[in-house]
Amino acid sequence: RRDAANLRDGYRFLEYYFAGDFPTGNAQFREPGMIRNVEEILGATPAEQGVLMISHNMHCGKQLSQGKLLDGSDSPAVCTHLAESPTWGPAYAVLAQLYDGGSYLSKSQSARGPQDFSAPSSTLEQAIGAATPAGAILVGMDAPLVAFDQGWPLWNHPSKLVPHDQFDGVL
């Protein structure tokens, strides 16, 4: 049953994606499918065990929307859904993965393969990178590394985020 729902929603998402409308396909089918799968995994996990879910970009955050559903209601990010859940929220923590540079696999239809990137100098990623010589760090939102309580642009995000409101820590 789950596999059939995932295939159906995946196909519907790809219709929008290949038509150049990623946001609608994501809000309508992709994100709700991820929520459905995570809810099922969490529901099947014994209470004495934990679950580590790794997500990226707009899926990760306690107050992020993926857009609107056809009925006009909000389509929350999977991590927002979990954070707001009376069942999962109290035991839920969000660790953001932020990179000041590197490479990623392109999702472009014309260019496939690794694409190099460097976050712009004004971004949170670059501010964290400039604040420490370490190649990687894990810090909580109360750390004095940078001002986590102010709005920051992120490399691959359309607007500023206040990290303290969205995350419990940054990796």
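Q: Why is the pair Asp9 and Arg36 called a salt bridge?
A: The closest N and O atoms of Asp9 and Arg36 are 3.0 Å apart, and the term requires a side-chain nitrogen of Lys or Arg within 4 Å of a carboxyl oxygen of Asp or Glu. The pair links distant parts of the chain, with Asp9 in helix 1 (residues 2-18) and Arg36 in helix 2, 27 residues apart. Helices here are DSSP runs of H or I with at least four residues, strands are E runs of at least two, and both are numbered from the N terminus.

Q: What kind of model do these values come from?
A: The model is predicted: local features need pLDDT of at least 70 and side-chain atom pairs count only at pLDDT 80 or more, while totals for chains, interfaces and linings use all residues. Residues are numbered from 1 along each chain as its sequence is written, and side-chain values use heavy atoms, with hydrogens and water left out.

Q: What makes Asp9 buried?
A: Asp9 has a relative accessible area of 7%, and buried means under 20%, exposed over 50% and partly exposed in between (1.4 Å probe, protein chains only). Arg36, at 28%, therefore counts as partly exposed.

Q: How many salt bridges are there?
A: The count comes to three. Asp9 also forms one with Arg8, the closest N and O atoms being 3.0 Å apart. The remaining pair is Asp168 and Lys62, at 2.6 Å from N to O. Asp168 lies in the loop between helix 5 (163-166) and strand 7 (169-170) and Lys62 in the loop between helix 2 and strand 1 (65-68), so this pair ties together parts 106 residues apart in sequence. Through shared partners, Arg8, Asp9 and Arg36 are joined into one network.

Q: Why is Leu138 called exposed?
A: Its relative accessible area is 57%, so Leu138 falls in the exposed class. Leu138 sits in the loop between helix 4 (124-131) and strand 6 (139-140). Leaving aside neighbours within four places in sequence, Leu138 is in contact (heavy atoms within 4.5 Å) with Leu95, Val170 and Leu171.

Q: What makes a set of residues a nonpolar core?
A: The members are buried Ala, Val, Leu, Ile, Met, Phe, Trp, Tyr and Cys residues joined through side-chain atoms within 4.5 Å. The largest such core has 26 residues, and those with the most contacts inside it include Ile128, Phe148 and Val170. Helix 2 (22-44), helix 3 (78-84) and helix 4 are the elements that give two or more residues to this core. Beyond neighbours within four places in sequence, Ile128 is in contact with Leu98, Ile137, Leu145, Val146, Phe148 and Val170.
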